[in-house]
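User: I have a structure here that I would like to go through with you. Could we begin with any enclosed space inside it?

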Amino acid sequence: MILGPIEFTSGDLVSGPAVIFSIFGIPVTSTVVTTWFILFCFFMFFKLGTRNLQLIPGKFQTILEGIYEFLDSTIGQILGAWKKKYYIYFSTLFLFIFLSNIVTFFPIPWFSIKNGVLEIFPAFRSPTADLNTTGCLAILTTILFTSISIKNNGIFGYLKGFAEPNPVMLPLNIIGELAKPLNISMRLFGNMFAGMVIMGLVYMAMPFIIPAALHLYFDLFAGLVQSFVFVTLSLVYVQGSIGDVEYIDEEKKIDKLYDTI
């Protein structure tokens, strides 16, 4: 849309992340810039929220405690006592994915001048609409549940598990293991990228109308659901690697050791 010398644009409908600038020849894309912005928001949010904790919480502390209780309940329902060991990873994973999903809901503009025309466009692009981000998150989770399996069963026990319950199942078990990171990464990427494309089509069809209801669904609701789905599937994979192994609280174990001395 062009209004005199000012042009409002949303970029190409289907495109990869744009290169914003380079550092020593290494391109920095809009995905990376948005990720840095999200990390900065995390830092400021928790820095300010935990600066002055009170026994009787204020509004900000109440929000933080509500987030903690929600994540603690969600993780605990699947991992049980093991939630204490993996809470930090999964809570960070959920919050990062959720904020990445909804960052485009907030109309933060940026601008550039090309050929004397002021071009205004969205400042951020959802990192989870980039397969590089979802693939890396899936790889991190895969490293986690694979290392747990190897730690509990040993390297030979882990490899032997691919031939259970029958050696005939070896190819299917290998495919199933490889499908885990592919499943969670493509599911998240596909949903978020599809939502971005749909909203782009809507704006192309109705450039003067802001479809608030669709933004609420594709940005907020779908963002929350996809965050929950990714983390839940990751929790299920980790729980499957843990199996029936009993959680041993290392702090209590050390305390008992000191008591016996």
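Analyst: Please note that this is a predicted model. A search of the whole structure finds 1 cavity of 30 Å³ or more.

User: How much space lies in the largest cavity?

Analyst: The largest cavity holds about 40 Å³ of space.

User: And which residues line it?

Analyst: The lining of the largest cavity is formed by L71, T74, I75, F94, F228, V231 and T232. Two elements, α2 and α6 (212-242), each give two or more residues to this lining.

User: How does that lining divide by class?

Analyst: The lining of the largest cavity has 5 nonpolar and 2 polar residues, with no charged ones.

User: Let us stay with α2. At what angle do the axes of α1 and α2 cross?

Analyst: The axes of helix α1 (residues 30-49) and helix α2 (residues 59-79) cross at roughly 115° and come within 9 Å. The crossing is left-handed.

User: Which residues make that contact?

Analyst: Helix α1 contributes F45, F46, L48 and G49, and helix α2 contributes F60, I63, L64 and I67. By class, the residues of this contact are 7 nonpolar and 1 polar, with no charged residue.

User: Changing topic: how many helices and strands does the protein have?

Analyst: The protein has 7 helices and 6 strands. Along the sequence, their pattern is β-β-β-β-α-α-α-β-β-α-α-α-α.

User: Lastly, what share of the residues counts as buried?

Analyst: Of the protein's 261 residues, 32% count as buried. As for contacts with a separation of 6 or more, 64% are accounted for by residues 24 or more positions apart.

Definitions and conventions
Residues are numbered from 1 along each chain as its sequence is written. This is a predicted model: local features need pLDDT of at least 70, side-chain atom pairs count only at pLDDT 80 or more; totals for chains, interfaces and linings use all residues. Side-chain values use heavy atoms; hydrogens and water are left out. Axes are lines fitted to C-alpha atoms, for helices over the stretch in contact, and angles run from 0 to 180 degrees between N-to-C directions. Helices (H or I, at least four residues) and strands (E, at least two) are DSSP runs, numbered from the N terminus. A crossing is left-handed if the near helix is turned anticlockwise from the far one by less than a right angle, and right-handed if clockwise. Contact means heavy atoms within 4.5 Å. Ala, Val, Leu, Ile, Met, Phe, Trp, Tyr, Cys and Pro count as nonpolar, Asp, Glu, Lys and Arg as charged, and the others, Gly among them, as polar. On a 1 Å grid over the protein atoms alone, a cavity is a set of points where a 1.4 Å probe fits but cannot get out, and a pocket is an open set with protein on both sides within 12 Å along at least five of seven lines; lining residues have an atom within 4 Å of a point. Grid points are joined across faces, edges and corners, and a volume is the space filled by probe spheres set on the points. Buried means under 20% relative accessible area, exposed over 50%, partly exposed in between (1.4 Å probe, protein chains only).
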